[in-house]
Structure formats: C-alpha cells, structure tokens
Amino acid sequence: LHENQLESLPREIGNLTLMQDLRLFNNNLLELPMEVGHMRYLPAFRISSNQLPDLTVGIGGLDAVTDLLIADNYLEGLPPQIGLLTNITRLRVTRNRLASLPKELCNLYN
C-alpha cells in the first residue's frame, strides 16, 4: 500500500491481526485509526512520509512490533503508549516536529 495517495485507513484494518509487514509510507495519511493496535502480531510497521500530526494511542497495542518507521511526518509528540512497545529494535522518528519525548520512551530497552 506504499506510494499511493491514501489519506485515511478504514477502521477494519485492525481486523488484519496476522499481518506481518504493513508498508504505508509515501502516502497522504492524516491519521491512523485506533484499531491499528489490534494487529498484535505485526513486527514491521512503516508509516514514514505521510502527514501524520500525531500517533493514535492504539499504537501501544502493537505487541510484536520490532521495526517502527515514522520519519518524515508532522509529529509534534509521541503518545506515552510508545513505551509499551518493548520488543522494538528499530524506531525511526527523524524529520518530524518533536519538541519533547515522553518519559515512557525509556521503557524501550532493546
């Protein structure tokens, strides 16, 4: 689904609970539905180069994510739920508008 003109995702995307790799980079996404957090077995989530001003708190439900790429968006902050992603080994948040980080980010120890 990468490199399209998507501006939104249906809430039903959360029904893809066995998804292994979700590539949504280079779209025009303005928001993510909270239901993305239902994809508990998703190890790779790539949503760089969109227009996201924030991340849904549902992001904390991505228990299996090891690779989260959210660079090149308009993020002004990260939700505290980012600290629940304890399996993460790569977090790329470059080229956003971050002014501060949640203390929960320190829960990521991989």
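The paragraphs below go through a predicted model of a protein chain, from overall form to individual contacts.

The protein chain contains zero helices and four strands. Along the sequence, the order of elements reads β-β-β-β. The C-alpha trace extends over about 35 × 30 × 20 Å along its principal axes. For 110 residues, a compact globule would have a radius of gyration near 13 Å, and the protein chain, with 13 Å, agrees with that. Of the 110 residues, 44% are buried. The accessible surface amounts to about 6000 Å², and carbon and sulfur atoms account for 50% of that area. Taking the contacts between residues at least 6 apart in sequence, 22% join residues at least 24 apart.

Beyond its neighbours within four places in sequence, leucine 62 is in contact with Val36, Gly37, Met39, Leu42, Phe45 and Leu85.

Asparagine 50 is placed in the loop between β2 and β3. Its relative accessible area is 4%, and asparagine 50 is therefore buried, the limit being under 20%. A polar atom of the asparagine 50 side chain lies 3.1 Å from the backbone oxygen of isoleucine 47. Setting aside neighbours within four places in sequence, asparagine 50 is in contact with Leu24, Phe25, Asn26, Asn27, Asn28 and Leu29, and also with Asp72, Asn73 and Tyr74.

Charged side chains form another set of links. The count of salt bridges is seven. In one of these salt bridges, the side chains of arginine 46 and aspartate 67 meet with an N to O distance of 2.8 Å. Arginine 46 belongs to strand β2 and aspartate 67 to strand β3, 21 residues apart, and the pair links distant parts of the chain. Both arginine 46 and aspartate 67 are buried. Through salt bridges that share partners, Asp21, Arg23, Arg46, Asp67 and Arg90 are joined into one network.

Another salt bridge pairs aspartate 63 with arginine 40, with 3.2 Å between the closest N and O atoms. Aspartate 63 is in the loop between β2 and β3 (67-69) and arginine 40 is in the loop between β1 and β2, so this pair ties together parts that are 23 residues apart in sequence. Aspartate 63 is partly exposed, at 36% relative accessible area. Arginine 40 also counts as partly exposed, its relative accessibility being 41%.

Arginine 11 and glutamate 35 form a salt bridge as well, with 3.0 Å from N to O. Arginine 11 is in the segment before β1 (21-23), while glutamate 35 is in the loop between β1 and β2 (44-46), and this pair, 24 residues apart, links distant parts of the chain. Which of the two partners is buried, and which is exposed? Glutamate 35 is buried, because its relative accessible area of 17% falls under 20%. Arginine 11 is exposed, because its 58% is over 50%.

Methods:
Residues numbered from 1 in each chain as written. Predicted model: local features only at pLDDT ≥ 70, side-chain atom pairs only at ≥ 80, totals over all residues. Heavy atoms only, no water. Salt bridge = Lys/Arg side-chain N within 4 Å of Asp/Glu carboxyl O. Helix = DSSP H or I, 4+ residues; strand = E, 2+ residues; numbered from the N terminus. Buried < 20%, exposed > 50% of the residue type's maximum accessible area, 1.4 Å probe, protein only. Polar contact = N/O pair within 3.5 Å; in protein donor to acceptor, adjacent residues only side chain to side chain. Contact = heavy atoms within 4.5 Å. Rg over C-alpha atoms; globule rule 2.2 N^0.38 Å. Areas by Shrake-Rupley, 256 points an atom, 1.4 Å probe, with all protein chains shown as cover.
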